[in-house]
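Visitor: I'm new to this one and would like a close look at a single part of it. Please pick a part and walk me through how it is put together.

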Amino acid sequence: MNWSLLFESYANVFTSIQVIGMAFLGSLGGILLGAVPGMTATMGVALLIPFSFGMDLIPSIALLLGIYCGGMYGGSISAILIHAPGTPSAAATLLDGYPMCQKGQAGRALSIAMFASFCGGVLGALVMTFLSPMVAKMAMKFTSAEMLMLAFFGLSVIVSISGKSIAKGLISAFFGLLLATVGQDPTYGAKRFIFGFRPLLSGFSFIPTLIGLFAIAEVIAGVERIINGEEKQQKSEEKITNVLPDFSTIKKIWPNIISGGLIGTLIGAIPGAGGDIAVFVSYGFNKSSSKHPELWGTGIPNGVAATESANNGCSGGAMIPLLSLGVPGDAVTAVLLGAFIMKGIQPGPMMYVNELPTVYRVFAALMLANLTMLIVGCAGVRFFAKIVSLDKKMLYPIILVVSLLGAFSINKNVFDVGVCVLFGVIGYLMNKFEFPLSPILLALILGPMCEQNFVRFVDVNNGNFWEILHRPIAVGFFLVSVATILFSIYNQQKINKKESENRKKANGEVSRIP
Amino acid sequence: MKKTFLVVMLLVLVLCASAAMAEYPEKSLTAICPWGAGGGTDSCLRAFCQALEKQLGQTIIVDNKTGAGGVTGHEAIADADPDGYTFGMITFEFVTYKALDVSDYKSYVNYDPLCRLNADPAGITVNKAWAEKNGIKNLADFIAYCKAHPGEVRMGGSSANSVWHIAGGYFMNVAGVELKMVTYPDGAASAVQAAAQGVDIEGVTVSLAEARSFIESGNLICLGLMAEERINNKVFGSIPTCKEQGINAFYSTWRGLGLPNGVDNAIRTKLADACRAAVKDPDFVQYMTNAGLGIAYLEAADFKAFLEQQEERDVPAAMKAAGIEI
Amino acid sequence: MKKTQTKAFTNLICSIILLIFEIWAYTETMDFKVHKRAFVQPATFPQIMICGMAIFTVILFLQSCIKLTRGMKPEDPENEMSASINPFTNRGVAAALFVIILCILYTLLFDKLGYVLVSACVSVIIMWLIGKRDLKVIIPVSILVPLIMWFIFYKLLTVNIPMGVFQPLRDLVDKI
């Protein structure tokens, strides 16, 4: 570690007006992009690359990293306020964020999400600065066997996000895994469940599915509630005096932030696994280790903190294999790789030898991007929190047309609008009959990863699956997953018992009243 | 009165007609990209469009119509209104659609090829530690080893039926060996990573740009490039071609521009001229060099002949060899 | 409350419907291509998933059967009234069904009429349906929101969105 060079690079980045300006611009754009369902940070980064042609490397990287970090936080805004995760990485935020909003704590949820995002991002940036070579070495070890078991580990979280009925949660999960197999199979390209619809060859697009399951389903249910007179108008009684969470809240959520940030960083560092997986793993882990797992999902700050710190931790994590191996960790870093190459710099092991000052400046730029995200976010909290106080009768149709446009814009394909509507109906019906939605989502993310790595592993070992016993990391993940499943089942039974006692008490009180 | 009216009408008509002829393009153009924003094809097209905008004096909107392995976007090009305001990028995958039976517009005859922009050769790149262990120093050693161990050497392409997967099949045909092709649906990057680690697969059949960081770090070694000539830069200059080593293997991915059939000839010529000039644009050339993409310009007629050869002969044979069952 | 109105009974019906779905999906997988050289067939993974789904469907079925035959304690959450999906008895469900039909029409007309027009229509209809009667607010909002969204997507993000009858608007914006 070359300290003087590190400090020099930080000083260099933090004093350049151009770099700071670009980071601000990026965070602002990223937050706005992330907040609109269907517009992702990947898209923003890709669209801005041509604009960064004329700029120097560090300002353009600061701009792109600003979008990346801002987009990660921005997704939580719509997840919290309108039950529509703006980006896949915000999908777990709505588990606790939306209930918080319904309790009239929208502003509080937003500020916690922002603070957790910032802390997670800083943690990621720190890990990246000091532990890059180590983490990169670990990430390199992940080939088919390890990826298969990582996917399995991710799936083991499903039990803890299933809600009261584990059977229903697992039905949802397997249904999601089945949906993930629609389209050409990843290994041989055989057509599965196509029924003559050619756009289905590449399966159900993930983001339209996500928007449908959450946003469209919520709009349909909202219309039903309004007609039946069950909808409560949320008044913004909440006075947002402080855009950052108060000290007592921070004291309560800091363990979640730290663990979330670290989980995010480590999962983000593995190429092929990103924020969408990390948030669920972090949520499951933090719920299981909590003293009051029964409160999770009812709108507690810890849930928002655990997920938001994880997805911003990812941005630091994903940069590690990008810089030290030249392997992008997710879609955004793949685009960033292009940006580096365009400037004539090839990320990879040689970059640490030939271009060390650049590497350190990128570290500093990531730190700066997190900082600007916090500042822009702080300024925006009051403004965004106002959205909930809009008339619901106006808000629902607006959400509908904005979401459907988001579904269209991913592939510029009307078929995707249809997919979005279809999943809106499925999500509406599943909500009615109390099948949980999040397992489907996790299954859609992990299903293809699970299948393709399983098939490839068996294929390269000529049909001998037990070869996996020679892969210690894979075996380790498997054992952890089994432990997670057993512990979550035990936990869920404890929760159900407590709830039924509460009901008994409530029933008893009712009957005592003459 | 009537006369003046007629004259005015005529004048207006003539003006309109001449305006339509002379002033193409009079509004913004659309470039359809069958692949996602931020990918290699997308950035190549965006860089080219910036150069083309300078020539045409109009903005060009890149429209990423993605899905179904590029089929959606390619079909959208053939379906577009042939008014000359919509063109698109056609890529290698297009010549596999006929064999895979996934598209209504199976053949190149449904398109009006405009020009080819880029071609990147595939390379036979293997794990260095594995090569040293088995005494493999050049392509001949590798082929000898493969002949001694048929079907045991595992090579990674990217996703199923993709250009690099088929590259393996092509090499098998040309060199007369049997490899085991392993697919990586996440793309070439994960295949390269696995090969560098040396578990699961021994090597990859992807382009050099994809494998660059690990070739530089010395984890991977490229034994032969499937091109006519070596790549002229300091990183790849030392890598030999297959031709130098006595194997006549020429295989590359390519990207070109296409129009829907039925575009007016004058407009078409104007567009083709603009493309010819844009390819030489210094910014575009700089971009392509930095991105490690080779410029391989072909005129419309040559491009059409090239497409015919690919679709009729080369690709179906290579797909068969790669074990792609249709 | 009758047993047929409880959540337990709804679960029973759900599990039967799911079982039928699983059998159908399994028969579909039989027709998938078989690869001679493959160790794991393309049909294998979906089949495992269908079996997994079926196992838990059967568990749900048995749980509901036991609860219905043996009777439930009053505090059992399954003993509550289940949600209605009958559009003829529940006005809310009827409205939801109407919104779903609107969404389907929206998809079908999206390409032909263009985003701005269909969105404005759908949003006016839904706002009217759920009781917003102030036309002076409804109409401007319904038109402005899609128009602004289109403008942001088209101009700032260069995303091309079908405009249908409003196509000249795009040309106009291009000229400016």
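Guide: Let's start with a word about domains: their bounds come from an automatic or database domain assignment. Keep in mind, too, that this is a predicted model. The part I'd pick is chain B, where the assignment gives domain 1 as 43-119 + 252-319 and domain 2 as 123-250. If you take the centres of these two domains of chain B over C-alpha atoms, they sit 27 Å apart.

In chain B, 12 residues of domain 1 are in contact with 12 residues of domain 2. On the domain 1 side of that contact, strand 10 (252-260) and helix 12 (300-321) of chain B each supply at least two residues. Helix 12 of chain B gives the largest share of that side, with four residues. Sorted by class, the side of domain 1 of chain B that touches domain 2 has seven nonpolar residues, four polar ones and one charged one.

Now for the sheet in chain B. Strands of a sheet pair through backbone hydrogen bonds, either parallel or antiparallel. Here five strands of chain B make an open sheet, its order is 7-6-8-5-9, and the pairing is mixed. Strand 7 (180-182) and strand 9 (220-225) of chain B are at the edges, and because each has a single partner strand, one side of each is left without a neighbour in the sheet.

Zoom in on strand 5 of chain B, residues 123-127. This strand is mostly covered, with five of its five residues buried.

Take strand 8 of chain B, residues 203-204: it pairs with strand 5 in the antiparallel sense, over two bridges. Thr125(B) stands opposite Val204(B), while the bridge partner of Val126(B) is Gly203(B). Then there is strand 9 of chain B, which runs antiparallel to strand 5 and is joined to it by five bridges. One pair to look for there is Gly123(B), opposite Leu225(B) in strand 9.

How far to trust all this? Chain B averages a pLDDT of 80, and 91% of its residues score at least 70. Where pLDDT is low, the predicted coordinates should not be read in detail.

Let's step out to what chain B touches. Its contact with chain C takes eight residues from chain B and six from chain C. The chain C side of this contact has no nonpolar residues, but three polar and three charged ones.

Chain C has six helices and zero strands. Its radius of gyration is 25 Å, well over the 16 Å that the globule rule gives for 176 residues, so chain C is more spread out than a compact globule. The C-alpha trace of chain C spans about 70 × 60 × 25 Å along its principal axes, and 32% of its residues count as buried. Chain C is also split into domain 1 (3-79) and domain 2 (91-175), with 39 Å between their centres.

Chain C meets chain A as well: 60 residues of chain C are in contact with 55 residues of chain A. Several helices of chain C each supply at least two residues to that side, among them helix 1 (7-29) and helix 2 (44-70). Helix 3 of chain C gives the most, with 13 residues. By class, the side of chain C that touches chain A has 42 nonpolar, 12 polar and six charged residues.

To go back to where we began, find strand 5 of chain B, with its five buried residues, and follow its five bridges to strand 9 of chain B.

Definitions and conventions:
Residues are numbered from 1 along each chain as its sequence is written. Chains are lettered from A and ligands numbered from 1 in the order in which they are written. This is a predicted model: local features need pLDDT of at least 70, side-chain atom pairs count only at pLDDT 80 or more; totals for chains, interfaces and linings use all residues. Two strands pair if DSSP finds at least two bridges between them. The radius of gyration is taken over C-alpha atoms; the globule rule is 2.2 Å times the number of residues to the power 0.38. A residue is buried if 20 or more other C-beta atoms lie within 10 Å of its own, exposed if 12 or fewer, and partly exposed in between; C-beta atoms are placed from the backbone. Two residues are in contact if their C-beta atoms, placed from the backbone, lie within 7 Å. Ala, Val, Leu, Ile, Met, Phe, Trp, Tyr, Cys and Pro count as nonpolar, Asp, Glu, Lys and Arg as charged, and the others, Gly among them, as polar. pLDDT is the predictor's confidence in each residue, from 0 to 100.
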